[in-house]
Amino acid sequence: MKLEFPKEIERFGAIRFGGLQKIFELDSGGKTNGKSTRSASAIQNVSSEALSEIESQMAIVVPVRNERLKLIEGVLCGIPHPCLIVVVSNSPRSPIDRFRMEEDALRDFCIFVSKEALIAHQKDPLIAKAFAETGYTNILNEQGEVHDGKAEGMIIGTVLAWLAGKKYVGFVDADNYFPGAVEEYVRVYAAIFALSRSPFTMARIAWHSKPKIVESKLFFRKWGRTSAQTNSLLNRLLAHYTGFETEIIKTRNAGEHAMSMDLATSIDYSSGYSIEPYHIVNLIEKFGGIVESTSPDLMNKSVEVYQVESRNPHLHEAGDEQHIEGMYYLAMQVLYHSPICPEELRTEIYQEMRQKGYVGNGSPPAKPRYFPPIQTIDRSLFTEAIKGAQYAKIIKEKIR
Ligand code: GDP
Ligand code: CO
């Protein structure tokens with residue numbers, strides 16, 4: 001893969017936010033000696049051999065809730081073979097057992113392509129027990145089950161990938177119509193890890209465009225309304241502290257993103273769909289040097305955030321207006337409740353929430369749940385608790 005070096009970099013405490021990078025060639029072929037070669041200073045080259053090498057150390061987590069099987073199958077087919085697939089599903093088990101159907105589809109897929117993959121249900125009692133016994137209890141509801149929510153599914157997936165000894169973890173949504181886009185995202189993650197020099201690295205995909213039918217023609221829309229709004233919130237946060245207006249952040253709700261396992265197990269998470277904007281907010285809380293870091297030992301490390309523009313258009317199951325508005329409200333919540341949110345911005349956010357009718361007069365905005373770093377979980381206790389599950393057997397084989 002040939003991709004541009006980030007032309008713009010915003011440094012913020014220990015974090016380096018890279019500007020949007022373009023891809024020039026999806027497959028640049030060939031072998032290289034070593035990890036990568038620079039063909040020209042502005043464009044970097046990662047050979048297909050180097051990509052495969054990283055992919056064999058990467059897990060791809062696919063969070064699923066009630067998606068059409070045909071879509072899930074397409075997504076699986078787009079994930080490069082060397083990656084470990086981890087499906088975490090929160091699909092209903094009655095009146096029709098959707099999860100059973102997903103398991104069947106994954107099993108068939110694995111037979112056809114000769115590989116093993118992990119699949120777990122979000123409400124699996126063994127997983128709930130493992131979280132309870134390791135004290136990771138924010139993730140459990142009153143009935144002692146794991147809460148609903150995309151973030152909660154992603155956390156389960158990350159923990160399983162961590163136990164399987166993977167060095168990198170990437171995420172792809174299950175509702176993607178283009179297997180080729182999924183393949184591209186995973187290749188991008190691998191290319192970024194091949195090029196990054198920091199063990200604390202995050203890669204976020206900015207979609208090239210979203211195809212829509214407008215006046216009976218296909219129109220490739222670049223910026224959705226919500227994405228622009230949320231990006232602008234995060235950029236205003238950065239600008240407040242640097243004193244320079246910036247447009248560096250282009251990937252607010254990046255469902256497609258990947259992290260080195262060192263980073264993925266060090267940061268805090270927030271619930272449901274608020275997880276992705278909170279990535280940025282939490283990185284700044286932890287590594288930005290504004291408030292006292294909860295992980296001071298990490299402050300002298302460099303954290304690298306890369307944003308890459310995909311070449312494939314992004315087409316997924318369209319959320320309705322309410323879902324999209326809900327995502328924006330969540331992004332506002334994580335910022336509003338963060339200790340790094342400047343007072344003026346907090347007031348403005350509150351006014352906007354009032355205006356949009358999200359909060360009543362004088363009442364505080366809703367607050368997502370927060371989860372501590374995965375690193376705080378005792379690995380052997382967790383492994384012991386899930387012993388007996390099929391996914392635990394595969395993990396055991398992987399690390400042997
Ligand atoms: P959007 O694409 O950001 O609008 O959000 P989607 O509704 O498409 O969700 C993104 C991905 O998360 C999809 O693959 C969903 O199936 C999945 N997802 C949504 N809610 C949950 C959940 O509660 N648990 C799990 N495991 N996955 C979920
Ligand atoms: Co979607």
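How far does a backbone N or O atom of Val64 lie from a nitrogen atom of ligand 1? The distance is 3.4 Å.

## Basis

This is a predicted model, in which local features need pLDDT of at least 70 and side-chain atom pairs count only at pLDDT 80 or more, while totals for chains, interfaces and linings use all residues. Residues are numbered from 1 along each chain as its sequence is written, chains are lettered from A and ligands numbered from 1 in the order in which they are written, and side-chain values use heavy atoms, without hydrogens and water.

## Strand S7

Seven of the seven residues of strand S7 (residues 58–64; strands are DSSP E runs of at least two residues) are buried, so S7 is largely enclosed by the rest of the structure. Buried means under 20% relative accessible area (1.4 Å probe, protein chains only). Met58, Ile60, Val62 and Val64 point one way from S7, and Ala59, Val61 and Pro63 the other way.

S7 runs parallel to strand S10 (residues 168–171), with four bridges, and parallel to strand S8 (residues 84–89), with six bridges; pairing takes at least two DSSP bridges. Ala59 stands opposite Val169 in S10 and has Leu84 as its bridge partner in S8.

## Ligand 1

Ligand 1 is surrounded by 18 residues (a heavy atom within 4 Å), and Pro63, Glu67, Asp175, Tyr273 and His323 are the closest. Polar contacts are pairs of N or O atoms within 3.5 Å. A polar side-chain atom of Glu67 lies 2.6 Å from an oxygen atom of ligand 1, and a side-chain N or O atom of Gln122 is 2.8 Å from a nitrogen atom of ligand 1.

Notes:
Buried means under 20% relative accessible area, exposed over 50%, partly exposed in between (1.4 Å probe, protein chains only). A polar contact is a pair of N or O atoms within 3.5 Å; within protein, one must be able to donate a hydrogen and the other to accept it, and residues adjacent in sequence count only if both atoms are side-chain atoms.
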